[in-house]
Amino acid sequence: MLDLKRQYQPLQQELLAALQHVLETQQFILGEQVAAFEQAAARHLDVKHAIGCSSGTDALWLALAAAGIGPGDTVITTPFSFFASVSSILRAGARPILADIDPVTFNLDPEAVEAAMKSDPVPAVRAILPVHLYGQCADWAAYSMLSKKYGLKLIEDAAQAWGAEWQGRKAGGLGDAAAFSFYPTKNLSAAGDAGMVTTNSDDLDELARALRQHGMRRRYHHDELGWNTRLDGFQGAVLQVKLRYIAGWNDARRTIAKRYRALFHARGLAESGTRPRNGIILPPEVPGAHHVWHQYVIRCARRDALRDFLTAHNIGSEIYYPVPLHMQTALKSLGYVEGDFPEAERAAREVLAIPIFPELREDEQQTVVNAIAEFLSNA
Ligand SMILES: Cc1ncc(COP(=O)(O)O)c(C=O)c1O
């Protein structure tokens, strides 16, 4: 599914030198390497500020808190994402409301969001938190319109979308603030847990920097109730090295995605629409989006059997995500029940992520496609 050793081997000397530098300077928490990474990251994303922190989960909380979202506020997000998209809203003290997804992109559906805003009783919505799922931006034209129409803040969950673009603008600079994850499986990855908030707002930047170290602006003087969510020097150093390569890696992912499309079409396995029948539905790149293919996710009616078949043939695959967030035990208190978000529930039954990473070889892709063809021929 993912072979990180192939990424490490050519970078070994550079990474070891960067780690050695941290040991020599003994700047383990924030410090010079983190500051240098933050500046390079901001330039890369064409955004004014980048604030390193200890995970994508913390980045989401930090973005919400620094945007002034807290108790009494409501935030609308998707039921089809990683748990942190919702738990970070609760952690900020706000109330999450969920809306269903677009079955084409799997991203939060702006029409469902607008419908949720008009539900009875009308919720005190302060923000929308769309997720750029699998590396493709949510429909930002629609979200910008909703933000203007209702005076809402927009917080991007860009955990899976380093380098993704919407109409030529990079994820991270689209909303009021954005959260990135550098978890090792992400397309830009650290050697451990790490995350980042980005924003074009000076005020939000200032507050996020204070909140990531217990609301401290002056040593041991605490102005707000923050938390410890600092980025460490080793991660800053590793990420600085990898940032030099991410554009090429994302291009490689795009080439691989294009090749999957061609291979599946050539075998006659790809079906149109969003409801798979005997074949599979391929993930599209929608107009306006520059997809970075953090994941390549197909739909299949017999998904679980397909996954078992691939596993038996030594081919990795993964389900992102098997249980929609409104059906998670930990989120029962939100009051949703099965049937509330039919598209998210259907996606949870049908999606399967197949191997995609920059070093994946053409013959390996062919093996994946052959195996899926063999499975589908045994209907
Ligand atoms: C969409 C999404 N949001 C948030 C996160 C949380 O990031 P982290 O694992 O770095 O805390 C992840 C990654 O796991 C994610 O995929």
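Reader: Which residues does Thr199 touch, not counting residues up to four places away in sequence?
Author: The model is a predicted one, and in it Thr199 touches Val47, Lys48, His49, Ile51, Gly172, Asp176, Ala177, Leu204 and Asp205, if residues up to four places away in sequence are not counted. With Asp176 there is also a polar contact, in which the side chain of Thr199 reaches the backbone oxygen of Asp176 at 2.7 Å.

Reader: Is Thr199 buried or exposed?
Author: Thr199 has a relative accessible area of 0%, and because buried means under 20%, Thr199 counts as buried. Thr199 is found in strand β9, which covers residues 195-199.

Reader: And what about Asp205, where does that one sit?
Author: Asp205 has its place in helix α7, residues 202-211, and is buried with a relative accessible area of 9%. Apart from residues up to four places away in sequence, Asp205 touches His49, Ile51 and Thr199.

Reader: Back to β9, then: how many of its residues are buried?
Author: Five of the five residues of β9 are buried, so this strand is largely enclosed by the rest of the structure. Gly195, Val197 and Thr199 point one way from β9, while Met196 and Thr198 point the other way.

Reader: In which sense does β9 pair with β1, and in which with β8?
Author: β1 and β9 pair in the antiparallel sense over five bridges, and Ile51 has Val197 of β9 as its bridge partner. The pairing of β8 with β9 is antiparallel too, over four bridges, with Ser181 standing opposite Gly195 in β9.

Reader: What is the strand order in the whole sheet?
Author: The sheet is an open one of seven strands with mixed pairing, in the order β1-β9-β8-β5-β4-β2-β3. Its edge strands are β1 (49-53) and β3 (95-98), each of which pairs on one side only. Neighbouring strands are turned by 25° against each other on average, with direction ignored.

Reader: Where do I find a parallel pair?
Author: Look at β5 (residues 153-157) and β8 (residues 177-181), which pair in the parallel sense over three bridges; there, Asp157 has Ala179 of β8 as its bridge partner. Helix α6 (residues 140-150) packs on the sheet and touches β4 and β5, with its direction making about 150° with that of β5.

Reader: Which strands does helix α4 lie across?
Author: Helix α4 (residues 84-91) lies across β2, β3, β4 and β5, and runs at about 150° to β3.

Reader: Why is α5 described as largely enclosed?
Author: Six of the eight residues of α5 (residues 110-117) are buried, so the helix is largely enclosed by the rest of the structure. The buried ones are Pro110, Ala112, Val113, Glu114, Ala116 and Met117, and they pack against β2, β3, β4 and α6.

Reader: New topic: at what angle do α2 and α8 pack?
Author: Helix α2 (residues 31-45) and helix α8 (residues 233-243) pack at an angle of about 35°, with their axes 8 Å apart, and α2 passes α8 in a left-handed crossing. The contact includes Phe37 and His44 of α2 and Leu239 and Gln240 of α8. By class, this contact has eight nonpolar, five polar and no charged residues.

Conventions:
Residues numbered from 1 in each chain as written. Predicted model: local features only at pLDDT ≥ 70, side-chain atom pairs only at ≥ 80, totals over all residues. Heavy atoms only, no water. Axes fitted to C-alpha atoms, helices over the stretch in contact; angles between N-to-C directions. Helix = DSSP H or I, 4+ residues; strand = E, 2+ residues; numbered from the N terminus. Left-handed = near helix turned anticlockwise from the far one by under 90°. Contact = heavy atoms within 4.5 Å. Nonpolar A, V, L, I, M, F, W, Y, C, P; charged D, E, K, R; others polar. Pairing = 2+ DSSP bridges. Buried < 20%, exposed > 50% of the residue type's maximum accessible area, 1.4 Å probe, protein only. Polar contact = N/O pair within 3.5 Å; in protein donor to acceptor, adjacent residues only side chain to side chain.
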